[in-house]
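I opened this notebook to record what I looked up in the structure, entry by entry.

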Amino acid sequence: MADITSDLKADTTSPAQWSRSKWASVLLLVAVVLTTLRYGGLLPDSLHRIPEAMIPPFAAWLDVFFNFVKDDLGLLTLTRTLTEGLEWLLDITANLMFGKRRWPFIGPIPWTAVAGVAAVVGYHLGGWRMALLGAGTFIWTALIGQWTIAMETMSVLMVAAPLAFFIGLGLGILAWKYAAVNRAIKPILSVLQTLPFFTYLLPAVIFFKVGPTAGAVATTIYAIPPMILMTTLGLQKVPSEVVEAGNMSGCTKWQLLRHVYLPSARTEILVGVNQVIMLCLAMVVLTAFIGMPGLGAKLLAMMGSFKLGRSFEIGVTIVLLAVTLDRMSKAWVVRQPVHFERGTPWWRKHIVLLMCIGVFVFFCIAAQFVQVFAEIGRKQNFSQGKEIDTLIKGFLALDPVQNTTQAIRYVLNVWILNPFRDFLLSIPTPAFILLVVAFALSLGGGRPAIYAAIFFGLVALSGWWDRSVITLYSVISAVTLALLIGVPLGITAARSEKWSQRVLLACDTAQTFPSFIYLIPAIMLFGITATSVVMSILIFAMVPLTRYTIEGLRTVPPEMTEAADMAGATRMQKLMKVQLPLALPTMAVGFNQAIMFAFFMVIIAAFIGTQDLGQELQRTLAGTDLGKNFVLGICVSLMALTFDLTIMKWATERKKALGLPD
Amino acid sequence: MTAETVISCKNAWKIFGADPKKYLRSMPAGLSFDDIRADGYIAGVKDVSIDVTRGEMLVIMGLSGSGKSTLVRCFSRLHDITGGTITVEGQDLMSLSEKELIELRRNKMGMVFQSFGLLPHRTVLENVAFPLEMRGQDKHARRERALEVVKLVGLEGREEYFPRELSGGQQQRVGIARSLAIEPDIWFLDEPFSALDPLIRREMQDEFLRLQGMLGKTIVFITHDFDEALRLADRIAIMKDGAVEQCDTPDQIVLNPATEYVRKFTEEIDKARVVRAGVLAQGQVMGEGEPVEASASVQDLARLLVQDARAVIPVAQSSKVIGGMDRAAALEILLEAS
Ligand SMILES: Nc1ncnc2c1ncn2[C@@H]1O[C@H](COP(=O)(O)OP(=O)(O)OP(=O)(O)O)[C@@H](O)[C@H]1O
Ligand SMILES: [Mg+2]
């Protein structure tokens, strides 16, 4: 143990680090001086905030650019043409899933048929439990009276997910094949992954009409990046001898790709499929903001009018759908082909397909005769919206509960959140930028520091400084609170294998929930207030924090903890001196993810009523203000990227220094 | 004998590293493997010149990492060589277009890989039929052929298994079957029998010997097993640090090792089993009496060597005496072994 800790110390005092932290302290000092000057009233206003007059009209420039692309280059005509194709596809799925009056006029498919097929597929992939989950989800949805809205959501998902899959696969192959494409695509991907989703929505609306088409486009684009990454990763991992065997068999380039590379990269590609489906679901729910009907829209409406019972029920539906889709696609990933004995009859080899068809046809016919098999009517469903609503509201109105929530709200707002926000806003812009640069420098080194300076400089120039700071404030305060809860939780859970497994499973499951869901408990407890915003981010950000804390602690090599035991360390000493330092790089990854999640959530929370960038962004959705929408989106993206670059750099450097695997 | 050269390799280099071509051009002559490594490059194949004639079985031996697989990969152009030339059937490999290369591989070459290189998503049968499929053979014919070779390597009844469901040795046999399916003229076998049990190994060796003898296949064979090498080889090439130290018939390698390294490498071999009477036969003194066969090894002749009293024993090849063998020298080899 002794040499581990001395190693750690030796590392932090190496010359390069010294000069780094020295520089960082200098920057910090300047920032403090500037802020003090400001408080003393000595700093001129023009140094506090960039004067209006000096702010370049980015939005106007972008508008000019967009208009040029849109009208002069004829992009709009192109996208409108694409829209028609897409609309045609969406009409088909809409007709099949919920009976929209469009070609081919055969839907809607009875809910029993869908549930039956889900059960067969579930059984094939994961036995009885999966069958139960699959069937149960759809039965619940039908019985609770949400079939139509759920199918509205699914019909878009069914178009967007395959589209994202094929585009992602294609781009992934290109990026793997041509280094130039890879270089060009990488930065775009990282921006896309940090861009707030409102920024996807408006261009989608402008170029692809309001409604399902725009929703499908935004959803597709949002889900493409991980597919690209997984495809590239999978193709790179194909063993060279397998490729050489293909070459020696006389494969042409196309045959090699088709018969050797793609099938060998199956696992990664299927992981990509899983991620595509989950991201599509998360996004398709959010397209409620551009008026796409479905589960998201209903949830938004219910939460807006504070109908907690119905919100809760819709939340359960969304969660069930998410869990089902996730579990099934994951089961598909790990499923390996198994041979059939010789002489297996044809029908046995295709039993799953035959069963699916059989069940499907059976219920379709049955639905002709038994009305409830086809559709659960308005009066027939088992929705308990009102009752749950009264129950929850009654519970919340209980004195002890109300006192607690009130107290939390008061303490948070008056003592912590508001003072912190006012403090951040009181810092002069240059001092703020210096602080961020100092942070990036001390953690990540020169390169992240330069990025931080450029990125935050741009944010300052965007003219949305105050709102950006408020956004940042929500993120920082929520993540800090999440740290205070999530990390101790992770540490406690990591003590026993059993609890680690349980908590990890819970985190995994929670991570599949569409982010929108996290608003429900926050709104239930704290109503439509600023506290709810912080609370929903807090819950959302806690998941990765807890998860990576456990994983980090679990990856500490056992020799090291044993060495500490032999040295007679107490539990606390062992934790502080051995386990945490070694787990820190992994925990940093979780911290980074928490911040990214927080940036994502803070924008969604805009509809509760915030004063940050998200609020402005949401407002742009109503109009055609593309330029402004982009400027706002990029501001969020730039701030998020700064943290991402810095923390990930630190984590990888640290892992390398400690000799931990990536 | 005027044998036709199938593979001709002249001063071939294969260097791994950042910019190997440039490095090779600027490299002073006579650098050792370690010098090159110090510059951050690895000499996988180092200035190798070797010819393989039609119908020959060339065995390549050497320690792990000596460049055997790399050399064979250069022969099949799975690696592009950094310098020198390699011609196969008179065509310069490096000047072939992609299409010509594919044609060459489809029609002339086959390879068995050290770690099998099976396609994980295809059954045994589909793996074996893969090269046939790539050539566009029709489904029925390729299935027939695949079934035939799967039976030949003793995997009958496992045609529908996936590679992951097979043991290491079984997987290796799938790899062998895949290359047998097309019966190429030029065969590259990279430790093809390493995972097989002795019984099957012997069967497979016999099968390849049969094919080579009957159909005149040219085979380049990598192995770590001297017994195997002696059984199969027409010539043995011994590699060290990317270079071929010596390439000669088995007798010559044990009797006249070209370098100290080769001597050490072959030290453990029982020479009496390798050296044949034909090699020991000298032209001047023919000797008298009953001749012995030129192809008989010293060990085969052990009893005769001990009991016979003649100083020189005649050696005959196809019933014609070609020289005399010094009995004392032969005994020396026999005794050295024990
Ligand atoms: N693709 C590659 N990139 C870099 N170095 C390589 C590559 N392939 C082989 N080498 C290096 O070339 C040298 C020769 O490797 P090779 O695989 O030819 O050895 P080998 O003689 O076949 O060994 P073994 O008996 O273990 O199979 C090794 O030092 C290896 O590290
Ligand atoms: Mg090898």
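The entries below go from the confidence of the model to one chain and then to one residue.

**Entry 1: confidence.** I noted at the outset that this is a predicted model.

**Entry 2: the build of chain B.** I counted 15 helices and 14 strands in chain B. Its radius of gyration is 22 Å, close to the 20 Å given by the globule rule for 338 residues, so I record chain B as being as compact as a globular protein of that length. The C-alpha trace of chain B spans about 65 × 55 × 35 Å along its principal axes. Of the contacts in chain B between residues at least 6 apart in sequence, 65% join residues at least 24 apart.

**Entry 3: surface and charge of chain B.** I noted that 52% of the 338 residues count as buried. Chain B exposes about 15400 Å², of which carbon and sulfur atoms supply 48%. I found 42 positive and 51 negative side chains in chain B, the centres of the two sets lying 4 Å apart.

**Entry 4: B:V275.** Is B:V275 buried or exposed? I recorded B:V275 as buried because its relative accessibility is 0%. I placed B:V275 in the loop between α12 (271–274) and α13 (277–280) of chain B. Not counting residues up to four places away in sequence, B:V275 touches several residues, including B:D251, B:L280 and B:I333. I also looked up B:S295, 20 residues apart from B:V275 along the chain; their C-alpha atoms are separated by 9.1 Å.

Conventions
Residues numbered from 1 in each chain as written. Chains lettered and ligands numbered in written order. Predicted model: local features only at pLDDT ≥ 70, side-chain atom pairs only at ≥ 80, totals over all residues. Heavy atoms only, no water. Helix = DSSP H or I, 4+ residues; strand = E, 2+ residues; numbered from the N terminus. Rg over C-alpha atoms; globule rule 2.2 N^0.38 Å. Buried < 20%, exposed > 50% of the residue type's maximum accessible area, 1.4 Å probe, protein only. Contact = heavy atoms within 4.5 Å. Areas by Shrake-Rupley, 256 points an atom, 1.4 Å probe, with all protein chains shown as cover. Lys, Arg positive; Asp, Glu negative; His and termini not counted. Charge placed at Lys NZ, Arg CZ, Asp CG, Glu CD.
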